[in-house]
Amino acid sequence: KHSPSLTDISKIKQSYIAWPANTPLSLKCKADGEPPLEVSWYKNGKLVKSSENIFQDQKWNLKFRKPQLADNGVYTCVVKNDYGSIKHNYSLRILQRIQSAPVLVSGYPKPVTARVGDNVELRCLEKPNGQVSHYRWLKTDTLVKTNQISPYDKENVNWLSPLNYKSFEVDDGNTKLNGVMLELTHVTEEDMGYYTCFLSNSNGFTFGTTFLNVTPILPSDPPEFLIPKHKRQHFIASLEKEDVTFSCLVRGGAPLKYQWFHNGRLLKSDEEHEIRESELVVRHIQRADNGVYSCRIKNDYGHVKHNFKLKVLAREPLYPDHPVLLRGYPKNKKAVVGDSTSLYCADTSNTLVDYRWLKWNRSVKSFTEADLRNGTLFTILHPQHYGQAYNKRGVYLKLKNLTMADEGLYTCLAISVHMGFSYRSALLTVEQPVEKNYDQQIRMAWLKERSTPKVETTPKAKITSRPTASHHCFNYKKNLDKEELTEVKTQCETTAACAMMSDERTSELKMFCDERNLCTKNNITSGKCAKVTFGTVLCCCVGELCNQQTNKLFQKTMKTQEHSSRSRLTPVIFFSAFVLTISLMLALLGYRIRQRKAALKESIVHKTRPNTRKMTKQKIMETRWMKEDI
């Protein structure tokens, strides 16, 4: 059992409130205590009675719908029960917005002096007053006097068109000032005069006047463009059968002579070209009107020139009257006998079409639309060779195990029941596979060896190591009388050098596999059979001079040079993979340890500070509640 006490101190601790008029307001006085609790509100010591503007909600709050200046005062909230009471005071001040007529910033609008042809901006800037002002511009030949013209008169006053108004903003350091400018393009001497800016709102109006002075062009002034070069048009693209206008605005001493050219040819006014001094109108343009158009303006003191490039675009029909095939497809292709290939074709008109692939006879190199009606010139391929594209647009023609008969012209025919048909063709070229012919290389090496003079004088076999043209060794039988090769067969699959064995007694010339010249290094001749092993490379030196018919003269090496190089890289690859695996495992282990430490730290914080989290959440909810009420 206890007396009342205020809760939500953070919301009701404010005792002085300044509040704008006509803005809803809520004064809070929430309390806690032994029920029942009674809440009463007093203004300047008098009990507040509910009205349309001020009322008390279900229990705690005193609310104002549209507070006025009469609601200023001290409001007291009293909460009591059988054990005591408590109160809290609010000092409320309602702020009334000041309403006044608009006020122009001193010095605006400013006087302007310009030459004929310049672009002019007249600015009107007002001080901020919290209300929206209405702007109007007026041109007169004399100064406007007070009460001579009313901004509300729309019938007797010729106001300038709002299409020439443009808003702008000026940063004054502490505040931002808003205004409206009047834009005048390519002014003439007729634009010279007084310009008045009128500002008005519901509380009144004000105005400011300035003078625009326009200086004339001297007869000795050379021609010059009114528009800077970077703002002039240099490229124009337009559809066929439309009118295009080229403009060259200049100023200079009179008289000015205008000339227009198309690709260097002087133009004159006719049915297709209309020349209006500074303007050229080309009517119903066609593809032939593409090119460079030039304007040349001159007087007695100089001349200027400017070029336009015109690009005439084809006018595509709004709705095509036939299927539109994807540009660039199908494409010409080359393939080898035995390979597979495909040709692609797709329609882009978003209509329902039926595709057919045609294979023309080999004698047909080109065709016309009439040839499509002659079924003897082509063959319609079976749909089993068709395949749908991944984007479900178009079809593929898939050709497998190509032969020379598949070479020729192929046409994709897209047919629509309501829109006719379209077609596109591609040429497929089939070539024979390229085979390496070693016969000529072996023959040339053998003839070269026979033509080389013999240095040895003793009837003794000699082994030499030299590479052949193809870097392969071959087993062959030869007829020395006819000097032609009768059999060719690859026996040594290696890129190393081949060894040649020659015997002056029999004039025999034979080749065998000799890795790294081991036979020569070990002084092994053909007089006896021997075998030398070096690392993983096997070198056999055997021959018919050993009288061993079961031995073969040509032996394959145990491993090719490619396999040998791969075997040398294998330890490096395994070591790199091992290091990478260990690094990934260590990184994963470190991540798990850091994650575990963070979870342990968070659990410790939860155990040691259970009330802090709860109070933080409670404060957040109180803050939200106060924002909603205010």
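Q: Is Cys-412 buried or exposed?
A: In this predicted model, Cys-412 counts as buried, at 0% relative accessibility.

Q: Which residue forms a disulfide with Cys-412?
A: Cys-412 forms a disulfide with Cys-345, and their sulfur atoms are 2.0 Å apart. The link is left-handed, with -75° about the S-S bond. Cys-345 lies in strand β29 and Cys-412 in strand β34, so the pair ties together parts that are 67 residues apart in sequence.

Q: And Cys-345, buried or exposed?
A: Cys-345 counts as buried, because its relative accessibility is 0% and buried means under 20%.

Q: How many disulfides are there?
A: The count comes to four disulfides. Among them is the pair of Cys-124 and Cys-197, with sulfur atoms 2.0 Å apart. This pair links distant parts of the chain, from Cys-124 in strand β12 to Cys-197 in strand β16, 73 residues apart.

Q: Changing topic, which strand does β16 run antiparallel to?
A: Strand β16 (residues 193-201) is joined to strand β17 (residues 204-215) by nine bridges, and the two run antiparallel. Phe-198 stands opposite Phe-207 in β17.

Q: What sheet do they belong to?
A: They belong to an open sheet of four strands in the order β11-β17-β16-β13, with mixed pairing. The edge strands are β11 and β13, each of which pairs on one side only. The twist averages 25° from one strand to the next.

Q: What about β14 and β15, what do they form?
A: They form a hairpin with four residues between them, and Gly-173 in the turn has a positive phi of about 95°. The bridge partner of Glu-169 is Asn-178, in β15.

Technical notes: Residues numbered from 1 in each chain as written. Predicted model: local features only at pLDDT ≥ 70, side-chain atom pairs only at ≥ 80, totals over all residues. Heavy atoms only, no water. Pairing = 2+ DSSP bridges. Axes fitted to C-alpha atoms, helices over the stretch in contact; angles between N-to-C directions. Disulfide = S-S within 2.5 Å. Buried < 20%, exposed > 50% of the residue type's maximum accessible area, 1.4 Å probe, protein only.
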